[in-house]
Amino acid sequence: MTDDPTNTTPMDCMDIKALLSSLLDDELDAKSRHAAERHIASCDTCRALVDEADQLDGLVAESMAESTADSLPEGFEGSVLSRTVYDTPTVTYMHRWTTWVGWVAAAAALLLAMSVWIMDRRAGLVPTGDDEFARATAPAPRPTGITSAYSQRPLGSWVHPGDEPVEPANQTPGEPSEDAPWIAGEMNAVPIAQRQQTSADLHSLMARADLTPNDAQLLYASSLLLEQLAHADPDSFADVEAVRHIAEYDEILPRLAELRSRLSPTDRSTVFAAESILLRTVRGPVSQDDVQLMRQTIAQMNLAEKLDAIGITPQSRHSV
Amino acid sequence: MGHALTESKLREWMQRLGPRLIALSSGICHDEHRAEEIVQEAFVKLWKRPPDAGEVAYSSWLRRVVTNLSINALQRTKRPGALPEVSTDPAMQSSEQPEAGLSRREELSLVRTAMQRLDESKRAILMLRAFEGLSYDEIAEALGVPVGTVMSRLNRARAALSDAMKQEHQQHAEQPESYDIRRYRQA
């Protein structure tokens with residue numbers, strides 16, 4: 001056996017097909033190439049096969065060359081550089097540091113804001129002088145008319161301007177009579193003008209110069225609770241429970257009672273009406289009919305309108 | 001970690017190889033915008049982790065990264081409704097000779113369409129060989145396969161392209177010619 005490349009085993013068409021790419025791409029060893037070329041020289045089919053493959057290669061190369069732009073697309077270099085050369089570790093560390101500082105600063109600001117808010121709340125209940133302290137810590141005068149209203153007196157009778165709460169008539173506090181719901185009577189007992197006057201009264205309350213920001217905040221918070229009751233679902237009592245929880249937690253009722261003691265008779269009745277509703281919610285029990293009546297009463301008193309007025313009044317622009 | 005790359009070198013390599021790499025990627029994944037993103041990604045990778053062999057390896061390294069990213073991108077976003085793959089059924093393969101008399105421009109148009117009928121791996125290997133002019137060793141490195149695999153894949157890719165071209169020619173021949181083209185051919 002010699003290494004003469006011409007001394008090779010003849011190839012057939014199947015061999016040429018199998019070695020076509022290597023032949024075309026000059027990847028065959030000398031012996032194999034010689035054998036292939038000998039076959040191609042005598043086979044038109046294989047010659048056409050090789051020619052076609054060669055032509056297709058040319059077409060592919062030319063079509064790709066046509067698709068190749070002369071330069072980079074606009075913005076390409078800038079995009080790469082911004083993610084490489086200009087994206088330095090120090091920038092990253094600075095970003096991380098500033099981000100961390102930002103979070104700490106935000107947390108500190110939030111804590112400070114909460115502290116101020118808590119202190120404001122407590123300041124509202126902590127008077128500056130002894131007399132004020134005595135008044136504030138004295139048991140809040142009970143809105144005694146409520147138990148009567150629960151059982152006997154219709155709504156109109158105790159929301160009428162000028163009325164003072166009356167003593168209950170042998171009525172156990174918090175227990176409504178079985179004979180009449182706690183807000184008895186039709187809403188027609190309260191003239192519309194009067195109910196609107198209640199709304200206007202509350203609005204006038206908010207504008208009173210002697211009201212402190214805490215008073216305004218308390219009235220606003222109370223109006224929000226009434227608003228929630230006005231849209232309460234009679235079937236679930238979830239809203240009633242929520243209002244009850246908040247009113248108890250924030251000590252709304254004793255604060256309203258204290259506020260009421262500093263008001264004019266007209267304003268006093270308005271706040272008394274709000275207290276009545278909230279007290280019923282807090283004390284319970286509340287039936288589905290009670291919820292319906294609450295909704296009607298609060299709607300008739302135009303509570304949403306009062307809230308709008310509260311929002312406009314500068315001294316009352318507090319968030320609860 | 002390889003040799004550090006400077007900004008000026010990076011710009012130089014982008015200018016020199018960028019357009020060609022974009023064309024390579026676009027030919028594989030058939031999406032110019034995606035191709036630009038892929039090539040950008042390749043240069044970012046080059047910056048962050050240049051090959052240990054240094055600048056002499058940048059070209060083949062970039063080509064390999066672009067090829068793989070392009071194939072992977074297309075495999076992840078296989079779009080329905082693309083041109084059907086070339087049939088390997090012998091009964092479907094046309095034995096007719098290509099239509100004679102087509103202009104070079106028409107041939108180029110047909111080969112682009114025929115290339116779209118191939119799967120992305122066949123397109124990639126054809127472009128690496130025909131367009132990039134890589135050797136079998138270089139193609140093997142770019143694709144991460146043995147050299148023997150390169151030869152067999154190229155064989156299959158060329159056979160598939162040949163069949164696809166025949167189908168394109170057949171479809172082209174079946175289309176009614178416009179009056180203008182007919183007039184030119186008669187000239």
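The structure is a predicted model, and the area buried between chain A and chain B is about 3500 Å², of which carbon and sulfur atoms give 60%. The size of an interface is often given in this way, as the accessible area lost when the parts come together. Over all chains, a search of the whole structure finds 25 salt bridges, and across the interface of chain A and chain B the rule finds 9 salt bridges.

**The interface of chain A and chain B**

- Chain A brings 37 residues to the contact, while chain B brings 42 residues.
- One salt bridge joins the side chains of E66(A) and R112(B), with a distance of 2.4 Å from N to O.
- On the side of chain A that touches chain B, helices α1 (13–24), α3 (44–67) and α4 (76–83) of chain A each supply at least two residues, and the largest share, 13 residues, comes from α3(A).
- Sorted by class, the residues on this side of chain A are 18 nonpolar, 9 polar and 10 charged.

**Helices α11 and α13 of chain A**

- Helix α11 (residues 238–249) of chain A and helix α13 (residues 265–283) of chain A have axes that come within 9 Å and cross at roughly 100°, and α11(A) and α13(A) are therefore roughly perpendicular to each other.
- From α11(A), the residues making this contact are V240(A), V243(A), R244(A), A247(A) and E248(A), and from α13(A) they are L278(A), T281(A) and V282(A).
- The contact of α11(A) with α13(A) has 5 nonpolar residues, 1 polar residue and 2 charged residues.
- R244(A), one of the residues in that contact, also forms a salt bridge with E241(A), in which the closest N and O atoms are 2.8 Å apart.
- Because R244(A) and E241(A) are 3 residues apart in helix α11 of chain A, about one helical turn separates them.

**Helices α5 and α7 of chain B**

- In chain B, the axes of helix α5 (residues 120–131) and helix α7 (residues 147–174) come within 9 Å and cross at roughly 105°, so α5(B) and α7(B) are roughly perpendicular to each other.
- The contact is made by K122(B), I125(B), L126(B) and R129(B) of α5(B), together with residues of α7(B) including V150(B), R153(B), L154(B), A157(B) and L161(B).
- The contact of α5(B) with α7(B) is made up of 7 nonpolar and 5 charged residues, with no polar ones.

Note on methods. Residues numbered from 1 in each chain as written. Chains lettered and ligands numbered in written order. Predicted model: local features only at pLDDT ≥ 70, side-chain atom pairs only at ≥ 80, totals over all residues. Heavy atoms only, no water. Axes fitted to C-alpha atoms, helices over the stretch in contact; angles between N-to-C directions. Helix = DSSP H or I, 4+ residues; strand = E, 2+ residues; numbered from the N terminus. Parallel < 35°, antiparallel > 145°, perpendicular 65-115°, else oblique. Contact = heavy atoms within 4.5 Å. Nonpolar A, V, L, I, M, F, W, Y, C, P; charged D, E, K, R; others polar. Buried area = accessible area lost by both parts, 1.4 Å probe. Salt bridge = Lys/Arg side-chain N within 4 Å of Asp/Glu carboxyl O.
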